[in-house]
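Welcome! Here is a short briefing to read alongside the sequence and the 3D view. Take a look at the structure, then follow the notes below.

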Amino acid sequence: MTVMIRRVTPLLVCLVLVSCNSLPMLKMKGMYTSDETLLFAQGLDQYIESRDLTTLKLMPLQYPQGEWRTRAEGIIAIAEQQQQQQYRLKKSTRELAHSQQKIGFLFEDKKILEVTLERLKQVLIDMESRAE
């Protein structure tokens, strides 16, 4: 009995695989090869590689009722927010560098003023000692 099961099992597995392979639903041809899906995949790849949203922005225009349109619009919105935040961060970084440079100049001016004040104090002391 076990010998027969060993011989029949590979045949049954082959039959199951062949029958599954012939089912169009399991092949999912349309699901992965639709023009809309390919455009979305290309747009996503393009965005990941170069941060270019051009192809993803075509999705709502070419497929206004498509299933990938909302996902593309979501990615576009997030990417644009991220670009705006990066712009604000760069602007703030430049402003910070400029402020730090001003602080450096003010610190140098403060040192010069402190030295000048000490010299003026010494001149005042010298003048008072001569007056006596």
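Glu-73 counts as partly exposed, at 33% relative accessibility. In this predicted model, Glu-73 forms a salt bridge with Arg-69, and their closest N and O atoms are 3.1 Å apart.

**Salt bridges**

- How many salt bridges does a search of the whole structure find? The search finds four, and three of them are described here, including the pair of Arg-69 and Glu-73.
- Arg-69 and Glu-73 are four residues apart in helix H6, so about one helical turn separates them.
- Arg-69 is partly exposed, with a relative accessible area of 22%.
- Lys-110 forms a salt bridge with Glu-114, with 3.5 Å between the closest N and O atoms.
- Helix H6 holds both Lys-110 and Glu-114, which are four residues apart, or about one turn of the helix.
- Lys-110 counts as partly exposed at 44% relative accessibility, and Glu-114 counts as partly exposed at 41%.
- Lys-57 forms a salt bridge with Glu-80, and here the closest N and O atoms are 3.3 Å apart.
- Because Lys-57 lies in helix H5 and Glu-80 in helix H6, this pair ties together parts that are 23 residues apart in sequence.
- Lys-57 counts as partly exposed, at 40% relative accessibility, and Glu-80 counts as partly exposed at 31%.

**Aromatic rings and the charges over them**

- A search of the whole structure finds one aromatic pair.
- Why is the pair of Phe-40 and Trp-68 called stacked? The ring centres are 4.6 Å apart and the planes are at 25°, and planes under 30 degrees apart count as stacked.
- This pair links distant parts of the chain, with Phe-40 in helix H4 and Trp-68 in the loop between helix H5 (54–62) and helix H6 (69–131), 28 residues apart.
- Is Phe-40 buried or exposed? Phe-40 has a relative accessible area of 8% and is buried.
- Trp-68 has a charged neighbour too: the charged end of Arg-71 sits over the Trp-68 ring, 4.7 Å from its centre.
- Arg-51 lies over the face of Tyr-47, at 4.8 Å from the ring centre.

**A look at helix H4**

- Helix H4 covers residues 35–50, which makes 16 residues.
- From its first C-alpha to its last, H4 reaches 22 Å, close to the 22 Å expected at 1.5 Å a residue.
- Which residues of H4 are buried? They are Glu-36, Thr-37, Leu-39, Phe-40, Gly-43 and Tyr-47.
- Just after H4, Arg-51 takes a positive phi of about 60°.

**Putting it together**

- Phe-40 is among the buried residues of H4, and its ring is stacked with that of Trp-68.
- Tyr-47 is also among the buried residues of H4, and Arg-51 lies over the face of its ring.

Methods. Residues numbered from 1 in each chain as written. Predicted model: local features only at pLDDT ≥ 70, side-chain atom pairs only at ≥ 80, totals over all residues. Heavy atoms only, no water. Helix = DSSP H or I, 4+ residues; strand = E, 2+ residues; numbered from the N terminus. Expected span 1.5 Å × (residues − 1). Buried < 20%, exposed > 50% of the residue type's maximum accessible area, 1.4 Å probe, protein only. Phe/Tyr/Trp six-rings, centres within 6.5 Å; stacked < 30°, edge-to-face > 60°. Lys NZ or Arg CZ within 6 Å of the ring centre and 35° of its normal. Salt bridge = Lys/Arg side-chain N within 4 Å of Asp/Glu carboxyl O.
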